[in-house]
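Open the model in your viewer and keep the sequence panel beside it. This tour goes from stop to stop: select, look, move on.

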Amino acid sequence: MFKYLKFSLAPLSLVLAILFASMGDLYIWYFFIGFSAFILIGDIIFGEDNSVHEYKYPSILNLMLYINLPLLIILILVMVNTIDSQTTSSFIGYCLTIGLMLGGFGVNVGHELTHRKNKKFDMFFGNWLQALCWDNVFAIEHVYGHHKQVGLKEDGATARRNEGIFYFMFRSTYNEYKNAYQIEKNRLNRKKKSFFSRDNKFIIGISRSIIVSFLIFFIGSTTALFCYLISAFISKILLETINYVEHYGLVRVEGEPVKPRHSWNSNTLISSAFTFNLTRHSSHHEKAHLPYWKLKPYNDAPKMPFGYLATFFIAILFPWLYRLVMTKKLKDWDQNYASESEKQLIANTQF
């Protein structure tokens, strides 16, 4: 039963966030600090999870994904209902908490669902989760761009060696929108449709986020809209930080297949449970069509220097330390993981 229950941590966390948000004042800070401490310390206490299970009831595992959308909507509505009576300190707490929830259980769950390109029900939930986070074109560029170009210099979501995290965030975001625009334009051209067709996923995605923002302003206030937009911005920062650490410094020769060595992997139990096995990133990039519960731990893949979420926090709070630690990790990757053609590429490339 535990193999199912561990993936309930995300929706249960949202339920707690809703409860604490409804109480207002400093309670929102109690949740934010407690939640952040738990996921950081939890990886240390509970260690790694290298288990591979057979699941007879995948509908339960899918429910753990779908339920995040209504719970996030409820959390935002609670904020809309309470934010006008909060202090400046509490306002900041709401922004950080909702941003963390959107980044962890909006963008990430939306990522899982929008990989299921041929399942309309899953795509509906996935796209609306992305829209809540104002990351409306991620489903286009990530699926049809990043997964094909990972490790290449052209890939905006692969961080280069010694690249600063904030510069990467700007570069990655710019490339995300530019590539999504071009991918969708090419798709519509093949179907002999105008870019301004009502089938344009690029425009539809942005429109969804605008609709969400308008509704928050309409039923709430300028303060509620401001809080929501800051939260969405924070969720974007979280996404780009995850992008930064998942492929930092790794290279691939164009034309060669994507292998487990082209992602930094982690198998820590708490991070895996909270992120629906996004930590098993090597397996995800090798077979992106697999649902999260079928991803393999791949102990022989290059490993993150710390637990998944600990690596994330170090990268965003102490980027100089992260790059210093990764210099040693990349030397190991060059020697023990890189193919001969990749070693030649590294030798001939200025980083």
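How much space lies in the largest cavity? About 330 Å³. Keep in mind that this is a predicted model.

**Stop 1: the largest cavity**

Select Gly 103, Gly 104, Asn 108, Ile 242 and Thr 275. Of the 25 residues that line the largest cavity, these are the closest to its centre. Now colour by element. Two or more lining residues come from each of α3, α6, α8, α11 and α14. Helix α6 gives the largest share of this lining, 8 residues. Across the whole structure, a search finds 4 cavities of 30 Å³ or more.

**Stop 2: helix α14**

Select residues 308-317, which make up helix α14. Buried or exposed? Of its 10 residues, 9 are buried, so the helix is largely enclosed by the rest of the structure. The buried set is Tyr 308, Leu 309, Ala 310, Thr 311, Phe 312, Phe 313, Ile 314, Ala 315 and Ile 316. Show the neighbours next. The cover over these buried residues includes α3, α9, α11, α12 and α15.

**Stop 3: Ile 39**

Move to Ile 39, in helix α3. Ile 39 is buried, at 4% relative accessible area. Which residues does Ile 39 touch, leaving out those up to four places away in sequence? They are Ile 270, Phe 274, Leu 309 and Phe 313. Two of these contacts, Leu 309 and Phe 313, are among the buried residues of α14.

**Stop 4: aromatic rings**

Show the side chains of Phe, Tyr and Trp. The count comes to 30 aromatic pairs. Begin with Tyr 27 and Tyr 30. Their pair is edge-to-face, with 5.5 Å from centre to centre and 80° between the planes. Both residues lie in helix α3 (residues 27-46), 3 residues apart, which is about one turn of the helix. Residues three or four places apart in an α-helix point the same way, because there are 3.6 residues a turn. Tyr 27 is partly exposed, at 38% relative accessibility. Tyr 30 is also partly exposed, at 49%.

Now jump to Tyr 248 and Tyr 322. Their ring centres are 5.3 Å apart and their planes meet at 75°, so this pair is edge-to-face. Tyr 248 sits in the loop between α11 (222-246) and α12 (269-274), and Tyr 322 sits in helix α15 (residues 319-336), so the pair ties together parts that are 74 residues apart in sequence. Both Tyr 248 and Tyr 322 are buried.

Then select Phe 20, Phe 31, Phe 35, Phe 38, Phe 105 and Phe 274. Ring pairs link these residues into a cluster. Phe 274 has already come up, as a contact of Ile 39.

**Stop 5: charges over rings**

Which ring lies under the charged end of Lys 3? It is the ring of Tyr 55, with the charge 5.2 Å from the ring centre. Go on to Arg 208. This residue lies over the face of Trp 128, at 5.4 Å from the ring centre.

**Stop 6: the largest pocket**

Together with Lys 117, Met 123, Asn 127 and Lys 201, Arg 208 is nearest the centre of the largest pocket, which 18 residues line. About 500 Å³ of space lies in this pocket. Helices α7, α8 and α10 each supply at least two lining residues.

**Stop 7: helix α5**

Select residues 68-82. At 1.5 Å a residue, the 15 residues of α5 should span 21 Å, and the end C-alpha atoms are 21 Å apart, which agrees. The buried residues in α5 include Leu 69, Leu 72, Ile 76, Met 79 and Val 80. The buried residues of α5 pack against α2 (9-23), α4 (58-66), α6 (88-114), α7 (120-132), α10 (201-219) and α11.

**Stop 8: two loop residues**

Finish with the backbone. Asp 25 is in the loop between α2 and α3. Although Asp 25 is not a glycine, its phi is positive, about 55°. Asp 25 is partly exposed, with 43% relative accessible area. Then select Asn 162, in the loop between α8 (138-149) and α9 (165-190). Its phi is also positive, near 65°, in a residue other than glycine. Asn 162 is exposed, at 53% relative accessible area.

Note on methods:
Residues numbered from 1 in each chain as written. Predicted model: local features only at pLDDT ≥ 70, side-chain atom pairs only at ≥ 80, totals over all residues. Heavy atoms only, no water. Phe/Tyr/Trp six-rings, centres within 6.5 Å; stacked < 30°, edge-to-face > 60°. Helix = DSSP H or I, 4+ residues; strand = E, 2+ residues; numbered from the N terminus. Buried < 20%, exposed > 50% of the residue type's maximum accessible area, 1.4 Å probe, protein only. Lys NZ or Arg CZ within 6 Å of the ring centre and 35° of its normal. Expected span 1.5 Å × (residues − 1). Contact = heavy atoms within 4.5 Å. 1 Å grid on protein atoms, 1.4 Å probe; cavity = no way out; pocket = protein on both sides within 12 Å on 5 of 7 lines; lining within 4 Å. Points joined across faces, edges and corners; volume = space filled by probe spheres on them.
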